[in-house]
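Good morning, and thank you for the time.

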Amino acid sequence: MLEIPVELGRHRYTVSVGHGLSRLLPDLLAPLRGRTTVLVAGRRVFALHGRAVERSLRALGPLHVALVPDGERFKSRSTLARLHDAFLEARLGRDGLVVALGGGVVGDVAGFAAATWMRGVEWVGIPTTLLSMVDSSIGGKVGINHAKAKNMIGAFHQPRAVVIDPAFLGTLPARQLRSGAYEILKCAILGDRALFAAIRDAPAGVRGWDRVAVENAIASSCRIKAEVVEKDEREGGLRRVLNLGHTIGHALEAETRYRRFTHGEAVGWGTIGAAWIACRRGLLPGDAFDAIASAVDHIGPRPGVSDLTATRVLEALARDKKARAGRVPFVLPTAVGRVVIRDDVTRAEVTRALRVMAGREALLG
């Protein structure tokens, strides 16, 4: 088992990574024994893994199960209301516990429901997708989408613990596995050249990736994110670097109503766009741009962007929740392992970046 502490004072918690950890929940969560618990899960994940996790959690105390619909479009007010109803039915008090079993959507919605129930009850994350393992499960950013803007409604509510069992990845569809790999690549570009090399050397599409290599990649990504979150818990400055690839990526998701791209696929495209803008500005050498774009493409195919109009994407980008005084900050790589933040990226630069992104569709076949 690998353990990554997230040092946030009284909100400190540990991210545990290891095959088979979901069977050890009674031991890992022993300090929470005796609480009324609501297990929140998506229907598909619960059908695959829910009964085993349910048995483990029942060893801790009274347990109730709340199932939510699958998919990004259900990260919504209606799902939040459904969970609040489930909490009421379970008589979840301020000493209760919410456990989120699933991908990023379930973690975000369940965490936000916990944050807003009785002004905040504790929660634990058990991510089941590679994307949620390396991204949304760490840092306490919870919330739901607005119909026109991703993650616009939310809070900071740190989990009590995060338990990552890579065994769950054995049932993950290939597309979802690739989706998480784009986020691992993002973390590598932020600050880990060895991780960048590892994902470039992984099998195309990361199918059949060695078990130890997967655990190490997950743990390395978690450490990078934990180090950033420890220095900037509430995204006052440094934490914005975690948005590499997300500015354009979120706009692509919103413009296509969260139906075309997985989050990781959108981040993959956004990473190419940000790298191209950095290269065009002379911040990123051309060979480094090629290395980053090739690494994104190595992970696998992505839905196309060539039919999306720049005007609509720019409108979605302008609604980015990180905008300040009408300016949207962009995270731009200057090398593999270094980034800068700029708030003067122009509409023309984004439009040209979209053309470059569309041109890479042919390379993907």
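Two strands are taken to pair if DSSP finds at least two bridges between them. Please bear in mind that this is a predicted model.

With that definition, 7 strands form an open sheet in the order 1-2-9-6-5-3-4, and the pairing is mixed. Strand 1, residues 2-6, and strand 4, residues 63-68, are the edge strands, each pairing on one side only. On average, neighbouring strands of this sheet are turned by 15° against each other, direction ignored.

Within strand 4, Leu 67 is the bridge partner of Ala 41. Helix 3, residues 77-89, packs on the sheet and touches strand 3, strand 4 and strand 5. The direction of helix 3 makes about 165° with that of strand 4.

Turning to another helix, helix 8, residues 211-231, lies across strand 1, strand 2 and strand 9. Helix 8 runs at about 10° to strand 1.

Now to the two residues. Is Glu 253 buried or exposed? Its relative accessibility is 2%, so Glu 253 counts as buried; the cut-off for buried is under 20%. Glu 253 is found in helix 9, and beyond its sequence neighbours up to four places away it touches Lys 150, Tyr 258, Thr 262, His 263 and Ala 266.

Gly 300 lies in the loop between helix 11 and helix 12. Gly 300 also counts as buried, because its relative accessibility is 8%. Leaving aside residues up to four places away in sequence, its contacts are Arg 178, Tyr 182 and Leu 364. The C-alpha atoms of Gly 300 and Ser 179 are separated by 9.2 Å, although these residues are 121 residues apart along the chain.

Technical notes
Residues numbered from 1 in each chain as written. Predicted model: local features only at pLDDT ≥ 70, side-chain atom pairs only at ≥ 80, totals over all residues. Heavy atoms only, no water. Helix = DSSP H or I, 4+ residues; strand = E, 2+ residues; numbered from the N terminus. Buried < 20%, exposed > 50% of the residue type's maximum accessible area, 1.4 Å probe, protein only. Contact = heavy atoms within 4.5 Å. Axes fitted to C-alpha atoms, helices over the stretch in contact; angles between N-to-C directions.
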